[in-house]
Amino acid sequence: MLKNDLILRNPLRLMGHENEAIVPQGGFGAVLARAGVGKTALIVQVALNSMLQQKNVLHVSLNEPVDKVSLWYQEVLTSLANQYHVRQIKELWESIQMHRFIMTFKVEGFSVPKLEERVKDLTEQQIFNPHMVIIDGLPFDESLRTPLEGLKAFSENHRLHLWFTVTTHRHETPDVDGLPVQLSGVADLFDAAIQLQPEGKKIHIRCLKGGPEDAEACDQLLDPSTMLIQDPKNA
């Protein structure tokens, strides 16, 4: 009942989608923002929604240790539970944590073949079979096209929903297509792109690609105090 309640109250519904409808099997999604704005908090909410539905999420972190990533999940789930007055937080966490596996790499040591090898080990030993993969901290630069194409083939072969966090920078101006420069050269590989834009004391969530036809349905806010998605009407 607790899980069903949180699924029904899934804040991603405010954007007109379930998270998996935003990114199809084999597809790519991106959460873009400047450092410290809330990329990981938002992507953890995407992950938790799948975990609540008993779907496995592999979180690949390239810049944080396992214990810090795990703490993010517990803190976001606690904030969600508090927001909806769910008291049995410990029981809820124990019932869903088995649906998440954290894998870490050093940025310079990360490659598609290494990821494939480690995922193959997990699945062949029946330790963990991911439904969604999050790659958190991959530097998006001009040399990323080939690795992303490899990850696209990996995602399609395993029928995964694959999400990335992408760090943007304050001084950069969008490309001619309106997309941040980090994504403009590889945008054809992505089904969805969601950007976090701070304005004063508010953090706007905007769909750059793959959002609902109704633009207002996508333009939501991330609460700076809880890092949870909120309805602008309640802001």
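1. Let's start with the largest pocket: α3 (39-52), α4 (66-83) and β5 (161-168) each supply at least two residues of its lining. Helices (H or I, at least four residues) and strands (E, at least two) are DSSP runs, numbered from the N terminus.

2. A word on the model: it is predicted, so local features need pLDDT of at least 70 and side-chain atom pairs count only at pLDDT 80 or more, while totals for chains, interfaces and linings use all residues. Residues are numbered from 1 along each chain as its sequence is written, and side-chain values use heavy atoms, with hydrogens and water left out.

3. Back to the pocket, where 23 residues form the lining, and Lys39, Thr40, Asn63, Asp136 and Thr167 lie nearest the centre.

4. Now look at helix α6 (residues 112-124). Its 13 residues reach 18 Å from first C-alpha to last, close to the 18 Å expected at 1.5 Å a residue (the expected span is 1.5 Å times one less than the number of residues).

5. Which residues of α6 are buried? They are Val112, Leu115, Val119 and Leu122 (buried means under 20% relative accessible area, exposed over 50%, partly exposed in between, with a 1.4 Å probe and protein chains only). Seen down the axis, the buried residues fall within an arc of 90 degrees, so they line one face of α6 (the arc is that of the directions from the helix axis to the C-beta atoms). Pro113 and Glu124 are exposed on the face turned away from that buried side.

6. Finally, the buried residues of α6 pack against β2 (57-61), β3 (100-104), β4 (132-136) and α7 (145-158) (contact means heavy atoms within 4.5 Å). After α6 comes Gln126, with a positive phi near 55 degrees.

Definitions and conventions. On a 1 Å grid over the protein atoms alone, a cavity is a set of points where a 1.4 Å probe fits but cannot get out, and a pocket is an open set with protein on both sides within 12 Å along at least five of seven lines; lining residues have an atom within 4 Å of a point.
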